[in-house]
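Student: I would like to learn how to read a model of this kind, one feature at a time. Where do we start?

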Amino acid sequence: TWSAVPAGPPDPILGVTEAYKADKDPRKINLGVGAYRDEHGKPYVLPSVKEAEARLSALKPDKEYLPITGLAEFTQNAALLAYGADSEPLKQGSISVTQSISGTGALRIGGAFLARHYPNSKIIYLPVPSWGNHTPIFRDSGLEVRGYRYFDKKTVGLDFEGLKADLLAAPEQSIVLLHACAHNPTGVDPTQEQWAQISDIVKERKLFPFFDMAYQGFASGSTSHDAFAVRHFVSEGHHIALAQSFAKNMGLYGERVGAFSLTTTDPDEKARVNSQLKIVIRPTYSNPPLHGARIANKILGDKALYTQWESEVKGMADRIISMREKLYSALTHDLKTPGEWGHIKSQIGMFSFTGLTPPQTKALAEKAHVYMTADGRISMAGLNGGNIEYFAESVDAAVKG
Ligand code: LMR
């Protein structure tokens, strides 16, 4: 029956983890998937998450189904975290929000909803490059995927002129996907002034902004600072779509906790949009998982736990920044590795877009047992005091060929 089914390629990101797991060398390092590791290279369960879980289990909660759009208290708290207490649509009760299977699920609900109900266009513009899963998510949702310039290889920074030119040339009413903060994979974000200009262009061209906010708190260590772009667009009167993930900032990767929201004109429009979100979700996975949403809700809804969580997010962001400094100094000062490495320090969030080429990344995997995505992206969180020297020496060897 399946003799004509061709073998598909491994996933560009999760396939790296598979290759890493199959490697038996004790020096091996996985810098592929964006998952935080502590200073000993171990997965990190946030103390605030442990505390929330302990409080939850003391309540002996039931295991009933959630509603189709999830735990209502959680989705309200998630919207508050993203939009901020001063947000007009939040105050007016006109944000339609549903729980989602983390960020991917949020993007997919959004893609499916837009393909069905956005009246104006089926074209979505993604930054080039973007997270590897964006293209398949939106393509499989039934949208036509196009790119806008984002990363400038020469400056290893934002190609702001290219970005503006491409958005200005996009057909009116197209959808534009924006990484709210800590752009994946480049670690390069627009400045606040640049965001203001992007907002103006999106308004002028009547584009529809769809924000992916998978790293709120990871860019600056502050969740409100990282929400600047989202809040600025909303305060400028844009209607937006927003995908949120709690995988990274709460370390709830496998619990699959996220939210998808749309700002609408009024509570009546919101109710109609909500009803259609349910019609997208019900035949897809019926209703979302319970446990992770309860944890996130406990943290977001309790003042002391929330404050503790914010400091833990900052702790993760700070450890990553210290690894950036150590790596930069090892390559530049200790090893005198050819090339310019300043971007390792200036890039933001969990990733660094190193500039290593596909042959170099291949050599690093084969010779040094160091794994990263083929585009040269490394998850800085995979580095620690115990492996950073070996990593820098391996990069040095790969660059010197
Ligand atoms: C990543 O980019 O590594 C993360 O967003 C994890 C994933 O699902 O790809």
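Tutor: With one glycine: helix 10 is followed by glycine 237, whose phi is positive, near 90°. Helices (H or I, at least four residues) and strands (E, at least two) are DSSP runs, numbered from the N terminus. This is a predicted model, in which local features need pLDDT of at least 70 and side-chain atom pairs count only at pLDDT 80 or more, while totals for chains, interfaces and linings use all residues. Residues are numbered from 1 along each chain as its sequence is written.

Student: Which residues of helix 10 are buried?

Tutor: A residue is buried if 20 or more other C-beta atoms lie within 10 Å of its own, exposed if 12 or fewer, and partly exposed in between, with C-beta atoms placed from the backbone. In helix 10 (residues 228-235), Phe228, Ala229, Val230, Phe233 and Val234 are buried.

Student: How do I read a nonpolar core?

Tutor: In soluble globular proteins, nonpolar side chains tend to be buried together. A nonpolar core here is a set of buried Ala, Val, Leu, Ile, Met, Phe, Trp, Tyr and Cys residues joined through C-beta atoms within 7 Å. The largest one has 115 residues, of which Ala82, Val176, Phe211, Met213, Val230 and Ala296 touch the most other members. Helix 13 (residues 303-334) supplies the largest share of this core, nine residues.

Student: Why does this core lie between domain 1 and domain 2?

Tutor: Domain 1 (14-45 + 317-400) and domain 2 (65-301) both contribute residues to the core, so it lies between them. The domain bounds come from an automatic or database domain assignment.

Student: What does alanine 82 touch?

Tutor: Contact means that the C-beta atoms of two residues, placed from the backbone, lie within 7 Å. Leaving aside residues up to four places away in sequence, alanine 82 touches Met213, Gln216, Ala227, Val230, Leu242 and Gln244.

Student: How many residues of each domain are in contact with the other?

Tutor: Domain 1 has 19 residues in contact with 17 residues of domain 2. On the side of domain 1 that touches domain 2, helix 13 and strand 11 (351-353) are the elements giving two or more residues. Strand 11 gives the most, with three residues. The C-alpha centres of the two domains lie 29 Å apart.
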